[in-house]
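Here are a few friendly notes to read alongside the coordinates. Please keep the viewer open as you go through the points.

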Amino acid sequence: MATDPIHQFQIVNLFPVAKVGGTDIAFTNSAAFMVAAVVIITAFLLAGAASRAMVPGRLQSAAELVYEFVATTIRSTAGSEGMRFFPFVFTLFTFILTVNLIGLIPYTFTVTSHIIVTLALALTVFFTVLIYGLYRHGLHFFGLFAPKGIPVYILPLIVCIEILSFLSRPISHSVRLFANMLAGHITLKVFASFIAMLGSAGIIGVAGATLPLALVIGLTALELLVAFLQAYVFAILTCIYLNDAIHPGH
Amino acid sequence: MADGTRDKGKRQEPPDDEAALSARLKRLGDRIAQAKGPSERGNDSRPTTDTSGMARGFRLSSELVAGVLVGAGLGWLLDRWLGISPWGLIVFLLFGFAAGVLNVMRAAGIVRDPTVND
């Protein structure tokens, strides 16, 4: 067992898939866990939708709950027009949630603890907003950068700041999820290794080890909350950004 | 017959009853508003405002850092493309800082985001 708290984030090549130029593209443990998450979500939703009962069973209830939850989130932030992005937001939310929850199981790999994954997700949202906004409103979309009621003489300054603020979205969007998962998992690992270290130091050590053990139990519960909360925050920020694309500059 | 007598008693003092009823309605309305208030506000503003302090701290700090990073990156790129080093970096770092502060204020709900106003 590795006591190095960073070891859990190591990418391992499982088998090579293709070779593009001089770069080997391999199927990694990260990819394996992404596939696992997709399989779990698909199985859950298919099983939930299979019975199509008027009075839902447990599984169907859970599936409907997830649907209702995401739908309410979208309607309350981006309006009913935002519902055309429902598949997108639903995919993001369920994928991040499942991947986060899988990562909490010991000896598994947390996909969202790598910034390249969260950045890719955030950039997808960013470009969706940009492209849909331009397609829907044309150049009018850039009215987003010029808030109304600003005196003309400071408008250039405000526009610059607004553009930078807009460009910084994918970074804060991705860093938040990544940093939360990374920090949480490192904390868990560090405190868990305290248990092992203290436990090997005789009777007093074992007595002392109950303290970090209690802490790890608490932290695991907290991480469960964080896993859900960060998926939710990612989804709701996506909705807020999509709202900009749907109704820019009120 | 108990109903009849109570009805009669009510009709004899309608203003009092009406006042009591409206007072009760008002109290009920207040309680509904109180019960609804936080959850509805939680729905349409950003949701992390009433979660744990650590999540809030993460959110705000990442907003500020993102602004500064984007400003610095853009300034550096402009320097390279236009050959105006170090002015692009200086100016855009400042802009980036301003954008970061704006992000933080928006995230904290101090400044209302003009794009999210209904």
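1. Let's begin with chain B of this predicted model. Of the 118 residues in chain B, 21% are buried. Chain B has four helices and zero strands, and its elements follow the order α-α-α-α from the N terminus on. Among contacts in chain B with a separation of 6 or more, 53% join residues 24 or more positions apart.

2. Next, have a look at a helix pair in chain A. Helix α2 (residues 58–78) packs against helix α3 (residues 86–103) of chain A at an angle of about 120 degrees, and their axes are 10 Å apart. That angle is why α2(A) counts as oblique to α3(A). The crossing of α2(A) and α3(A) is right-handed.

3. Which residues meet where α2(A) and α3(A) touch? From α2(A) come A:Val66, A:Val70, A:Ala71 and A:Ile74, and from α3(A) come A:Phe86, A:Val89, A:Phe90, A:Phe93 and A:Thr94. By class, the residues of this contact are eight nonpolar, one polar and no charged.

4. The largest nonpolar core holds 49 residues, and those that touch the most other members are A:Val89, A:Phe93, A:Ile96, A:Phe234, A:Ala235 and A:Cys239. Elements of both chains give two or more residues to this core: α2, α3, α4 (115–137), α5 (155–167), α6 (169–199) and α7 (202–246) of chain A, with α3 (53–82) and α4 (87–108) of chain B. The most comes from α7(A), with 13 residues.

5. Leaving aside residues up to four places away in sequence, A:Phe93 touches A:Val70, A:Ala231 and A:Ala235.

Technical notes
Residues numbered from 1 in each chain as written. Chains lettered and ligands numbered in written order. Predicted model: local features only at pLDDT ≥ 70, side-chain atom pairs only at ≥ 80, totals over all residues. Axes fitted to C-alpha atoms, helices over the stretch in contact; angles between N-to-C directions. Parallel < 35°, antiparallel > 145°, perpendicular 65-115°, else oblique. Left-handed = near helix turned anticlockwise from the far one by under 90°. Contact = placed C-beta atoms within 7 Å. Nonpolar A, V, L, I, M, F, W, Y, C, P; charged D, E, K, R; others polar. Core = buried A, V, L, I, M, F, W, Y, C linked by C-beta atoms within 7 Å. Buried ≥ 20, exposed ≤ 12 C-beta atoms within 10 Å, placed from the backbone.
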